[in-house]
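I opened a new notebook page for this structure. My notes follow the order in which I looked things up.

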Amino acid sequence: MAGPTTAERGERHARQDPDSGPPRPPLLKRLPKPRKLIIPAVCLALLAAGCLWVLYGSQWLRVERVSASGTRVLTPDQVVEAADVPVGSPLISVDTDVIEDRLRRKLPRIDSVDVVRSWPHGIGLKVIERTPVLIAEKGGKFIEVDAKGVRYATVSRAPKGVPALELTVSRSAGLRRFGTDRLMREAVRVAGSLPAAVARDTRVVKVRSYDSISLELSGNRTVLWGSGEKGGVKARTLSALMKAAPEARHFDVSVPTAPASSGS
């Protein structure tokens, strides 16, 4: 019996191998009906509009109260008044950055402030006031100077425990070179470097020049500090020197590698 012919074998192979035949037309994907796309879009639009109305148009989320915390010298009422928060406006629309800038501008005693929303009706003003490290007397008043060298407030009574700043600088080349503000910052730098025990006893920080800053302590004691450089080393040297010579009245740490003490 004769076997299949060549043509028959090719036809059989074509039936077994679908890739060997002509390409089949792709199956048509069924597209969703327009109605099925419109309904979710409308729902999303209504949801977004509802959220916007709740945030901006309703009476539910509007500013009704403003509070201040963290004050020491200032009062909460002073802070709230200076903040000028638009009561009655939508809480979401309050520009906290503008309020922070306004407070720092109107109340220089404020070092930093954080304006926070307290949902659903409040604005909180968290204040940190500047702390004086030196006091400069002028015309019977006292100018408070903070650790950054900022002269931020003038008061009629000097705060307790804050050293007085004395600038006894002559009209010399040094003053023209460094300027009063730079010398004041150096004095602040020295005050911030003092050991805690010495800082409590310091009554006056006296500046004669950039390299000649001295301290007047309680008990008629003095310290020649020099410039504001190497403050940490000078502080440690002064503490050790005072322990070694507790009866001394004059200490010199202007050159911390060669300190000296005298008087009794």
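I began with Asp84, which counts as partly exposed because its relative accessibility is 48%; buried means under 20% relative accessible area, exposed over 50%, and partly exposed in between (1.4 Å probe, protein chains only). Asp84 is not a glycine, yet has a positive phi of about 55°. I found Asp84 in the loop between H3 and H4.

I noted the ground rules. This is a predicted model, where local features need pLDDT of at least 70, side-chain atom pairs count only at pLDDT 80 or more, and totals for chains, interfaces and linings use all residues. Residues are numbered from 1 along each chain as its sequence is written, and side-chain values use heavy atoms, leaving out hydrogens and water.

Next I checked Asn220. Asn220 also has a positive phi, about 60°, and is not a glycine. Asn220 sits in the loop between strand S9 (212–217) and strand S10 (221–226). Its relative accessible area is 67%, so Asn220 is exposed.

Then I looked up a peptide bond. The one from Trp119 to Pro120 is cis, with omega near 10°. I placed Pro120 in the loop between strand S2 (110–118) and strand S3 (122–129). Most peptide bonds are trans, and most residues other than glycine have a negative phi.

Last, I turned to contacts (heavy atoms within 4.5 Å). Val79, Ala82 and Ala83 in H3 meet Ile99, Arg102, Leu103 and Lys106 in H4.

Of its 264 residues, 34% count as buried. The protein chain has seven helices and 12 strands, which are DSSP runs numbered from the N terminus (helices H or I, at least four residues; strands E, at least two).
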